[in-house]
Amino acid sequence: MNNTHLLAEFLAGLAYEDLPSAVLDRTEELFLDWLGSALASQGQHPIPLFQAWVRHMGPAEGSARILVDEGSSSPYFAALVNAASSHLVEQDDLHNSSVLHPATVVFPAALAAAQDLGKSGRELILACVAGYEAGIRIGEFLGRSHYRIFHTTATVGTLAAAVAVGKLMGFSAAQFIHCLGSAGTQAAGLWEFLRDAADSKQLHTAKAAADGLLAAYLTADGLSGAQNILEGAQGMAAGMSSDADARWLVDGLGTRWALSETSFKFHASCRHTHPAADALLALMQRHDLRHGDIEHITTRVHQGAIDVLGRVEVPQSVHQAKFSMGTVLGLIAVYGKAGLVEFEQHALNDAEVVALRGKVSMELDAEVDGAYPRRWLGRVQVRTRDGRTLAGAIDEPKGDPGNTLSRAELEDKFQRLLAFSAARTPAQGRELIARVWALRGLDDLHLIA
């Protein structure tokens, strides 16, 4: 057996009773965070394009709910829209060492399939844990070289979604191998879109969730897939990585719960900006600085941040501004936060933010790069207008497991996300929160909408 097959054996044997209570709690918290991210995108470009396409191509009604319009369609199309919508406002979770956003691909596919198959909240939780555990390890396996060109959430996300749906269907180890084969051969997603402020990021997650679901449903009907899609001579690692390490596929199976390592997003921007944003905020508070006091900000970053954020010089859209280190630090310096409202109102045309954007540079730092991707360190150096040079550092950005968001903070974030899009009233938000906190006892998953 190779490590792919050992992973499949683990996934097939994983039972709800194996999950520690902390993992159950964390899954509910991640689900609420994902749900808020999806609803926050209601009415925001390009999500209506996905909704219109589904109305044109899919059934007008179906067994699975579409969150942003409270309608329904087939599981495939519901997963597609829900995955697109949950990856737009840049508030969905991230796992550090895999550089994977698991929620935006696992939850849409699993929820749509669970609603279609009449599964319970307990079964949904188990399936999502399986998707997280598999997806995170596959992302770690493919390594840093993969992420430089490929959007890992798009590529690995297809397999993570497939595993979650396969777990709902009670797949054997052999079926998981077929399912991974069919999901892996569909995996795609390139970073080039960032240069052009294109909408591809939402297409990436939409297709990952929907195609993962497709792979699982076809596997259940007997479709065969490659037997070594990850480690094979013409598999994903061979074509998409130069530093793949198969040991990560089985790292700590059953003892290390990778889902619990996932970080929540505090700022509404690319996660690569968060360490520097937190370091700058702490520095400004410690030295009582105002944005007008700043002459220049140097951020000391890992190579992955340069690869992703370095593509954006002058952002052309609010979404592209979330990948601009200068814009994010400009919002932090001027307004003390980089939330959805700040991006919507100030990211592109605010003169003070634009001025700060031009005073920010990124430099590769050996310490920061050596810690990445397992740890995302924040290091900034600020030169003030009165000639001082000040340094700021944080080792765990807000939202990381060691500096996590409490349930009260997650509830507050959830309500702010709903308020941003007016997708639900505060009272409806409280009802949804109560249902998610009781997810493991929920029998009708159509109530999650």
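I began with residues 7-247, whose end C-alpha atoms lie 11 Å apart in this predicted model, and I found the span to be 61% helix and 2% strand; helices (H or I, at least four residues) and strands (E, at least two) are DSSP runs, numbered from the N terminus. The UniProt record, an unreviewed entry, places the feature "domain: MmgE/PrpD N-terminal" at these residues, and I kept in mind that such annotations may be inferred rather than shown by experiment.

A note on the conventions: residues are numbered from 1 along each chain as its sequence is written. Because the model is predicted, local features need pLDDT of at least 70 and side-chain atom pairs count only at pLDDT 80 or more, while totals for chains, interfaces and linings use all residues; side-chain values use heavy atoms, with hydrogens and water left out.

Next I looked up the nonpolar cores, meaning sets of buried Ala, Val, Leu, Ile, Met, Phe, Trp, Tyr and Cys residues joined through side-chain atoms within 4.5 Å. The largest has 104 residues, and those with the most contacts inside it are Leu19, Phe31, Leu35, Leu124 and Ile138. Helix 6 (residues 121-149) gives the most to this core, with 13 residues. Apart from it lies another core of 48 residues, among them Leu283, Val328, Leu356 and Val360.

I then turned to Thr262, which sits in the loop between helix 10 (236-240) and helix 11 (274-287). Thr262 counts as buried because its relative accessibility is 0%, where buried means under 20% relative accessible area, exposed over 50% and partly exposed in between, with a 1.4 Å probe and protein chains only. Its side chain reaches the backbone oxygen of Leu259 at 3.0 Å. Leaving out residues up to four places away in sequence, Thr262 touches several residues, including Arg26, Asp93, His95, Tyr132 and Pro401, a contact being heavy atoms within 4.5 Å.

Ser324 I found in another loop, between helix 13 (318-321) and helix 14 (325-335). Ser324 is buried, with a relative accessible area of 2%, and a polar contact of 2.9 Å joins its side chain to that of Thr327; a polar contact is a pair of N or O atoms within 3.5 Å, and within protein one must be able to donate a hydrogen and the other to accept it, while residues adjacent in sequence count only if both atoms are side-chain atoms. Beyond its neighbours within four places in sequence, Ser324 is in contact with Val312, Pro315 and Arg357.
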